[in-house]
Amino acid sequence: MRIGTLGSGLMTAALVPHWIAAGHEVLVGGRDTAHAQELGKRLEVEHGSLADAADFGEVVLLAIRSEGLADCMEQAGAARGTLSGSVIIDCGNAVHLGDFSQVRWDGRSLAEQAEFLAQGGRVVKAFNTCHYEVWAAARTYGGSPLRVPYCGSEPAKETVRELITQVGTDPLDVGDLSQARHLEALGILMIRALVGGAPALSAFNLVTADA
Ligand SMILES: NC(=O)c1ccc[n+]([C@@H]2O[C@H](COP(=O)([O-])OP(=O)(O)OC[C@H]3O[C@@H](n4cnc5c(N)ncnc54)[C@H](OP(=O)(O)O)[C@@H]3O)[C@@H](O)[C@H]2O)c1
């Protein structure tokens, strides 16, 4: 598949290598094309603007700071239909750097706002509930891969299930995009735990009793 990234930061750098290794073509897109170029060179893939990434990707990873969502969608050309028909993976959390207690809430999740702005693109929420280092390498938790909750509509979710597996984690379907607000709330709880001193590789997981 062709995967374009809206954002060239830590989450993109953590997730994309798994997908390159799985044989997908990637174009790293950034508002600041120098950042995108730097990451693209490091990963040995193409780079470009946000609009280039939107045009390129059948799947688009949306990995930007939440306050930039509307700007990012505008720069990606969503109003011209560049994302219509795309599967968009949103890993965002509604936090502002420097003040992790400031949560923006207007009744819709970031993911639903993104789907509204994407004008025909289908958003699947995933990967927002752990620190980027969790995604950077396949790991086990209690001897098993981490369960990654994700939500959205089919058939977009089918595509994302495969991509979650390729990160070395197990997909956990939690419903349609209306559930994204709960994943975003879980993301905020994780950030609070991390800020409170929890190790970077911490995760909320789905576990069952031993017997
Ligand atoms: N870091 C984590 O551990 C982690 C874990 C789970 C979820 N998340 C969420 O994932 C998302 C990305 O996080 P990250 O850690 O990858 O962030 P990051 O390393 O700080 O990178 C942020 C990216 O957002 C872009 N950006 C910032 N403002 C923008 C705007 N107004 N318009 C377009 N792009 C803009 C930056 O572009 P420039 O390069 O041009 O500045 C950069 O590419 C965030 O919503 C974050 O809450 C992060």
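Two strands are taken to pair if DSSP finds at least two bridges between them. In this predicted model, six strands that pair in the parallel sense make up an open sheet, and their order across it is 3-2-1-4-5-6. The edges are formed by strand 3 (46-48) and strand 6 (122-125), each of which pairs on one side only. On average, and with direction ignored, neighbouring strands of this sheet are turned by 25° against each other.

Within the sheet, strand 4 (residues 59-62) and strand 5 (residues 87-90) are joined over four bridges in the parallel sense, and Val59 has Val87 in strand 5 as its bridge partner. Helix 5 (residues 110-118) packs on the sheet, where it touches strand 4, strand 5 and strand 6, and the direction of helix 5 makes about 165° with that of strand 6.

**Helix 1 and helix 2**

The axes of helix 1 (residues 10-21) and helix 2 (residues 33-43) come within 11 Å, crossing at roughly 35°, and the crossing of helix 1 past helix 2 is right-handed. On the side of helix 1 the contact involves Thr12, Ala13, Val16, Pro17 and Ile20, which meet Leu39, Arg42 and Leu43 in helix 2.

**The ligand site**

There are 22 residues around the ligand, and those that come nearest are Met11, Arg31, His35, Ile64 and Tyr132. On its own the ligand has 900 Å² of accessible area, of which the protein covers 86%.

**Backbone details in two loops**

In the loop between helix 2 and strand 3, Glu44 has a positive phi of about 60° although Glu44 is not a glycine. The other detail concerns Pro155, which lies in the loop between strand 9 (147-150) and helix 7 (156-166); the peptide bond that leads from Glu154 to Pro155 is cis, with omega near 5°.

Methods:
Residues numbered from 1 in each chain as written. Predicted model: local features only at pLDDT ≥ 70, side-chain atom pairs only at ≥ 80, totals over all residues. Heavy atoms only, no water. Axes fitted to C-alpha atoms, helices over the stretch in contact; angles between N-to-C directions. Contact = heavy atoms within 4.5 Å. Near = heavy atom within 4 Å. Areas by Shrake-Rupley, 256 points an atom, 1.4 Å probe, with all protein chains shown as cover. Left-handed = near helix turned anticlockwise from the far one by under 90°.
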